[in-house]
Amino acid sequence: MTIDHKEQASITSVDDLSSAVRYVLETTHAIAACPFHLDVSFFMGDEAAETHAFIRAKKLVRSDDKTWEGKALRQEFRRQLNEAADGCCPHCTQDKPLR
Ligand SMILES: [Zn+2]
């Protein structure tokens, strides 16, 4: 599979607000997905990356040729950033031996 294929698969998900937000957050490295727990994302603590992600999200064009509304985007950004764990994956932290 080529890189073009992968990018295209990601871009088709811009029609879904939460996928679109997750896509820009991940591609700008504002959040990162855990390589071991694919449903877990964690927050990189980089405010510049978050701003960059937001600007990028506002420019995303959906398949109906419209862009996302700023207010809806901001709410979804806040929701995903709140949900993201701080700095590292909580499951991986749990799995670490305590002694
Ligand atoms: Zn993990």
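Helices (H or I, at least four residues) and strands (E, at least two) are DSSP runs, numbered from the N terminus. By this assignment the chain contains five helices and three strands, arranged along the sequence in the pattern α-α-β-β-α-α-β-α. The model is a predicted one, in which local features need pLDDT of at least 70 and side-chain atom pairs count only at pLDDT 80 or more, while totals for chains, interfaces and linings use all residues. Residues are numbered from 1 along each chain as its sequence is written.

Of the 99 residues in the chain, 16% are buried; a residue is buried if 20 or more other C-beta atoms lie within 10 Å of its own, exposed if 12 or fewer, and partly exposed in between, with C-beta atoms placed from the backbone. Two residues are in contact if their C-beta atoms, placed from the backbone, lie within 7 Å. Among contacts between residues at least 6 apart in sequence, 54% join residues at least 24 apart.

The three strands form an open sheet in the order S1-S2-S3, with mixed pairing. Strand S1 (31-33) and strand S3 (85-86) are the edge strands, and each pairs on one side only. Two strands pair if DSSP finds at least two bridges between them. Strand S2 (residues 41-43) and S3 run parallel and are joined by two bridges; Phe42 has Ala85 of S3 as its bridge partner.

Asp86 also lies in strand S3. Asp86 counts as exposed because it has 9 C-beta neighbours inside 10 Å. When neighbours within four places in sequence are left aside, Asp86 is in contact with Phe42 and Phe43. The C-alpha atoms of Asp86 and Phe43 are 5.2 Å apart, although the two residues are 43 apart in sequence.

Helix packing was described by axes, which are lines fitted to C-alpha atoms, for helices over the stretch in contact, with angles that run from 0 to 180 degrees between N-to-C directions. Angles under 35 degrees count as roughly parallel, over 145 as roughly antiparallel, 65 to 115 as roughly perpendicular and the rest as oblique. Helix H2 (residues 17-27) packs against H4 at an angle of about 65°, with the axes 10 Å apart. H2 and H4 are therefore roughly perpendicular to each other. From H2, the contact involves Leu17, Ser18, Val21, Arg22 and Leu25, and from H4, Ala72, Leu73, Glu76, Phe77 and Gln80. These contact residues comprise six nonpolar, two polar and two charged, where Ala, Val, Leu, Ile, Met, Phe, Trp, Tyr, Cys and Pro count as nonpolar, Asp, Glu, Lys and Arg as charged, and the others, Gly among them, as polar.

Within H2, the buried residues are Ala20, Val21, Arg22, Val24 and Leu25. The elements that cover them include S1, H3 and H4. After H2 comes His29, which has a positive phi, near 65°.

Helix H3 (residues 47-59) packs against helix H4 (residues 70-83) at an angle of about 140°, with the axes 10 Å apart. This angle makes H3 oblique to H4. In the contact, Phe54, Ala57 and Lys58 of H3 meet Gly70, Leu73 and Phe77 of H4. The residues of this contact divide into four nonpolar, one polar and one charged.
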